[in-house]
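Dear colleague,

Please find below the structure that I am handing over to you.

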Amino acid sequence: MVEGEMARRGGWAPARREDARLVRGAGCFVGDLRVPGCLEAAFVRGAVAHGELRGVHVAQARRMPRVAVVWSASDLPQVPLTPPMLGIKAAKGRPWPALATDRVRYAGQPVALVLAADRYAAEDARDAVRVDVAPLPVLLDPTRAADSEVLLFPGEPNVAVDKDFGDPIDDAVWRDAAVVVEGRYRQQLLAHTSMEARAILIRPEGADGLTVWCSHQAPHRLRGDLANALGLSRQRIRVVVPDVGGAFGGKSETYPEYLALAVAARELGRPVRWLEDRAEALTGPPHGRGQNQRTRMAADADGRILAYQLEIDADIGGYPHLGAFVPLNSSVLAAGAYRTPRVHVRARAVLTTTAPTSPYRGAGRPEAATAIERTVDLLARRLGLDPAELRLRNFIRPDELPYQTPTGFTYDSGDYAAALRLAMRTVDYEGWRAEQARRREGGVEPPLGIGICSYVERSGNASEFGSVEACPDGRFIALSGCCSTGQGHETSFPQVVAAVLGVEPELIRLVEADTALVPRGIGSYSSRSMQTGGAALHQAAGALIELARGRLAERLSVPIERIRYHAGTVSADGESMSLGALAAATGPLRTDEVVDPPQAVPFGTYIAVVEVDPELGSVRVLRIVAVDDYGVVVNPVIVHGQTAGSVVQGLGQSLYEQVRYDDDGLPSTLTLLDYLIPTMSEVPPLTLAETCSPNPNTALGAKGAGEAGCIGTPAAILNAVADALDLDDPNVLQTPLTPYACWEAARTGSGRSAARRAPLRVEATR
Amino acid sequence: MRTRLTVNGQARELDVEPRRTLADALREDCGLTGTHLACEHGVCGACTVLVDGEAVRSCLMFAVQCDGRQVRTVEGLAAADGTPHPLQEAFSAEHALQCGFCTPGFLMLAAGALARDPSVAADPDRLRELLTSNLCRCTGYESIRRAVVRAAGELDGARHADS
């Protein structure tokens, strides 16, 4: 019955409830809150990437009008340490104080806090603070930092994490293989660039309590971190997440600014707010990505992959934070979609003097997918095989699932070849290959390239809480431990509950993102909301039916087997009651459930078709086809919206976006004119298609959605550009594929094609 | 400085510092927080409002520059009786917003353009140029384009019905 309802009502897309307020400008973001007496914060930041903090001169700033306080670390009654999250051990011996105490380890590290009546006054005072730092050498590359004698934390190595996955591969495998290829890839640093930057407002409640409004992905985690760092009881801290203007992994963490602000709120007994500005957001923390990768792949003469080796040096910035987890996520997924008997990964998380990193949409999976998918294309080129054919020869087959990879992860369900074939049909792969051949033959039109990325990812970690209550008025309240940052939970979660209960979704109201109302929760990241939070609500709704049946059985003194449930009503022997009436008659009718399913493995294939002007280096993306398998899709409009948005973010990484530092370690991407995210003019024709392999580990059957576009797009574009330029050494291509990068690659990476194009250039100038 | 302006049809008299941006005056002094600030340096367009019918970045304009002028914000987009503007309905219908932070800016950008020249929505190149003015990090833009085309059709239909 439940499955039938899901089939009838799932995969259906009502208008989003969130929209009514957001299109009227009636949303409520942290910056929109009006809390009486609230002071506005500005942070004084070190202007040196690495150095000894000699002094912070605040006297002049303190005398400025409307300024309440200007505090450096020495003025605070306590200087809490930024918690590293997820129990990351790398932070041991490497403390990150809320305000710098003796050293700064990235440009922009908070050194002092200004609180004033408004932001104008706060920024005036901020600019009047002088910070004296004696510079130390900077480290901007994780591989070089790993071997450097310059230690960010004297006595502790710069390599904060060094971990192996899978067994080391015997030299004989490489020696005896018919073909071995090697890749060297750079995943540039990226800025999350949610349109709303970080934002937090803290109001003290009595001597030992706080109410915290924060633009965040994980309110319960933030509550725990604040309690631990400040020595307060969790019960005395309430975290509320109002509307959030995008997050993409950069708002699931606890940051030093939040802790400094909390100390100030308690000390002053006044509400305080920090609204991060765009320059702060772009210079980070957080940054995303930032990996140096070396790959090696061996295959037999038929193209069967025998072994794959991946080495990662991940830049985690000046302090180990959640970014230290990202290379481990890459490692677990290193094997990709292939039945490769030997896979070995060595992952190092390395301190540098860039801003600390965090997960950014994809969080290690784009890095893993790009490494193996570029390497597979390199192998295809070496073997003279079509890259689609090489993939088809090596995919893990559906009958081999569940499949345990040599790096210790289990793939659940799917048909990887089917996704590739669907993508090929959708894009007209043969047609584009013919067009490519025609252009190469003609030699006049710009070269065309077709790039494939067949990815597997993992979604949804840890448990999640869900609760459903039938209210006496006939409505239902669903509580979730997740936390929407724009994904439309208010619309999609009630759909799940409605499908199970067989009632209209309008009767169900979602409550989440408030620790005072939701007893526990993990939050929204890792594409986990529907997969895990949805599964919890699905289970809670099912349990509510059973609870109601039991309640009526007791009331009628009949065996529970006689109680039937249909569309919000329980009945037996001609007697029937709605759940609301039952709650009114017998007391609260509510079920709380926690589910803890294993991680799921969404997958898919992306194909990009590009045209490259070798003279100008410009890349024109003609088509992107994205085939994704998210398991059961509850709201296809929301899921397709997530896919389209993440494809465009993936396009940003491929072609435009890069956080840049100068030689002194100072960020040079300070505005949205330096850090280029795609506009509408950059968006290529995009076609979405899906296969559906339900998650075998939950009754709901949903897998994660939301990050796939960032995972599949970059490697598809990279492989397409390498294909267009016919590069003998595709390793010369690194993202972002700016015109200069492609022009340079066309000159240096392409023996055959450069030779072939040389006479054309002469003809063209005639 | 004393500044008199009309916001969404309502006369306002503000006493602002010369350096106060229009965005801050709207948000803080008029309590109209629907206008969002995302970059504060004139690139993203989230703070777009109409001044005398023309789309401006309210983070790049001082409040005092609006003395004697008409300002329209997202709060003034719907009809006085609350009936949503066709753009507001179309943005929801086409799923042209996710987090919704950039949405007021896109709405005002499109509202200004369609009021001035409804044919912009029928010309793909001009429409693309127009919507390239603003940034969105969630949607990938295509749904925003569709929403503006849809709303233009609604507005066109309403015009013909009136005439």
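Residues are numbered from 1 along each chain as its sequence is written, while chains are lettered from A and ligands numbered from 1 in the order in which they are written.

Confidence is expressed as pLDDT, the predictor's confidence in each residue, from 0 to 100. For chain A the mean pLDDT is 95, and 96% of its residues reach 70 or more. Residues 1-9 of chain A stay under 50, and the model has nine contacts for them beyond four places in sequence; two residues are in contact if their C-beta atoms, placed from the backbone, lie within 7 Å. The pLDDT is also below 50 over residues 753-766 of chain A, a stretch with five contacts beyond near neighbours in sequence. Where pLDDT is low, the predicted coordinates should not be read in detail.

An automatic or database domain assignment supplies the domain bounds. In chain A it gives domain 1 (4-26 + 461-595), domain 2 (33-136 + 195-247 + 251-283) and domain 3 (287-459 + 600-765). The centres of domain 1 and domain 2 of chain A, taken over C-alpha atoms, are 38 Å apart. Their contact takes 14 residues from domain 1 of chain A and 16 residues from domain 2 of chain A.

V159(A) lies in strand β7 (residues 159-165) of chain A; strands (E, at least two residues) and helices (H or I, at least four) are DSSP runs, numbered from the N terminus. Beyond its neighbours within four places in sequence, V159(A) contacts A146(A), R348(A) and V350(A).

Helix α14 (residues 429-442) of chain A has 14 residues, which at 1.5 Å a residue should span 20 Å, and its end C-alpha atoms are 20 Å apart, which agrees. The expected span is 1.5 Å times one less than the number of residues. Just after α14(A), G443(A) takes a positive phi of about 70°.

Between the chains, 39 residues of chain B are in contact with 40 residues of chain A. On the side of chain B that touches chain A, α2 (86-93), α3 (103-116), α4 (124-131) and α5 (142-162) of chain B each supply at least two residues.

Yours sincerely

Definitions and conventions. Predicted model: local features only at pLDDT ≥ 70, side-chain atom pairs only at ≥ 80, totals over all residues.
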